[in-house]
Amino acid sequence: MMRTYELTYIAKPDLDDRTLNALIERVNAMVAADGGSIIKVDRWGLRPLSYPIRKYREGHYIFTLLALPAAAPARLEQRLRLTEDIIRHLLVRADEVNDTSAPSSFSEEVATSRLEAPPAAEDIPADEPSAA
């Protein structure tokens, strides 16, 4: 069974365009070798990192939407860890990311409590002592 995954990875900032394109093709070949298929590749460009990773303060962000068989994500992540030009990656199942069907009871309570406004000063009976 093929599942849809989102892969976001950060490449070293010192890669030129030709090397970066070769890296993207190499990752796409890894996906194809595991029996997967690429749905979409989106280059987000060179962006600053929130914190330094391996002494890098910026990196090339690449987002890939892909379909993989059930056993392939573990092998793909292992290969990504061994790729020197990738300094960080994240692979998540797309249906888990986009699943907003049933909110938990805690989030429902928080949402309803935010909708309820506190009583106005004129709504408080005069015989009750005020908090001030």
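## Thr83 and its polar contact

Let's start at one residue, Thr83, whose side chain comes within reach of the backbone oxygen of Arg79, at 2.8 Å. This is a predicted model, so please read the distance as a computed value.

As for where Thr83 sits, look at the loop that links helix 2 (72–82) with strand 4 (86–93).

Is Thr83 buried or exposed? Its relative accessibility is 8%, and because buried means under 20%, Thr83 counts as buried.

Which residues does Thr83 touch once neighbours within four places in sequence are set aside? They are Leu23, Arg26 and Met30.

## The chain as a whole

Starting at the N terminus, they follow the order β-α-β-β-α-β-α-α.

Taking the contacts between residues at least 6 apart in sequence, 73% join residues at least 24 apart.

## Burial and surface

The chain has 132 residues, and 30% of them count as buried; Thr83 is one of the buried residues. The accessible surface of the chain is about 9,200 Å², with carbon and sulfur atoms holding 53% of that area.

Note on methods. Residues are numbered from 1 along each chain as its sequence is written. This is a predicted model: local features need pLDDT of at least 70, side-chain atom pairs count only at pLDDT 80 or more; totals for chains, interfaces and linings use all residues. Side-chain values use heavy atoms; hydrogens and water are left out. Helices (H or I, at least four residues) and strands (E, at least two) are DSSP runs, numbered from the N terminus. Buried means under 20% relative accessible area, exposed over 50%, partly exposed in between (1.4 Å probe, protein chains only). Contact means heavy atoms within 4.5 Å. Accessible areas come from the Shrake-Rupley method with a 1.4 Å probe; for residues, only the protein chains shown count as cover. A polar contact is a pair of N or O atoms within 3.5 Å; within protein, one must be able to donate a hydrogen and the other to accept it, and residues adjacent in sequence count only if both atoms are side-chain atoms.
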